[in-house]
Amino acid sequence: MIRVIASGAKQSLMKKISSYENRQKDIRTLKMPDIEVWDNQYADRDYVVDLSSSEFTCICPKTALPDFALIKVSYKPARLCLELKSLKLYLVEYRNVGIFHEHLVNKLLDDLVKACQPRWMRVEVVMNPRGGIGTTVTAEYQKGVK
């Protein structure tokens with residue numbers, strides 16, 4: 001038996017399914033776990049740390065379905081370096097967060113910069129394709145540049 005849902009009923013059903021859609025205005029203030037840091041013994045040297053996580057998941061704010069991504073972080077540490085276990089726990093917390101890809105990369109950048117105050121940082125989010133469209137969003141921070 002095939003059941004047809006009327007257009008209005010379908011929209012109502014989607015609103016109930018996607019309870020994440022109207023939360024995008026609060027993304028900047030979304031409280032996430034603290035990211036721990038440790039003292040950089042080579043703060044006098046300019047070098048780059050590249051990190052990646054291929055197991056990232058969050059929720060699509062429109063459909064409430066899971067989104068999967070590769071997260072890439074590159075940064076030039078100053079006085080502090082990111083502690084990886086706490087970074088992993090921070091990233092896992094997004095598993096139940098409905099967030100647009102563009103908001104995600106900027107939230108990650110804000111939180112990571114706040115944690116370690118690097119000289120420079122670049123965050124790239126490569127979302128797995130959905131519906132034939134892949135998304136890559138990149139944001140950068142440069143100390144002293146707004």
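In what order do the 4 strands of the open sheet stand? Select β2, β3, β5 and β6 to see that they follow one another in the order β2-β3-β5-β6, with antiparallel pairing. The edge strands are β2 and β6 (133-142), each of which pairs on one side only, and the twist from one strand to the next averages 15°.

This is a predicted model, in which local features need pLDDT of at least 70 and side-chain atom pairs count only at pLDDT 80 or more, while totals for chains, interfaces and linings use all residues. Residues are numbered from 1 along each chain as its sequence is written, and side-chain values use heavy atoms, with hydrogens and water left out.

Helices (H or I, at least four residues) and strands (E, at least two) are DSSP runs, numbered from the N terminus, and two strands pair if DSSP finds at least two bridges between them.

Next, select β5 and β6, which pair in the antiparallel sense over 9 bridges; Arg122 stands opposite Glu140 in β6. Contact here means heavy atoms within 4.5 Å, and axes are lines fitted to C-alpha atoms, for helices over the stretch in contact, with angles running from 0 to 180 degrees between N-to-C directions.

Finally, turn to two loops. Most residues other than glycine have a negative phi. Ala64, in the loop between β2 (49-59) and β3 (66-76), has a positive phi of about 65° although it is not a glycine. Gln117, in the loop between α3 (101-116) and β5 (120-130), has a positive phi of about 45°, and it is not a glycine either.
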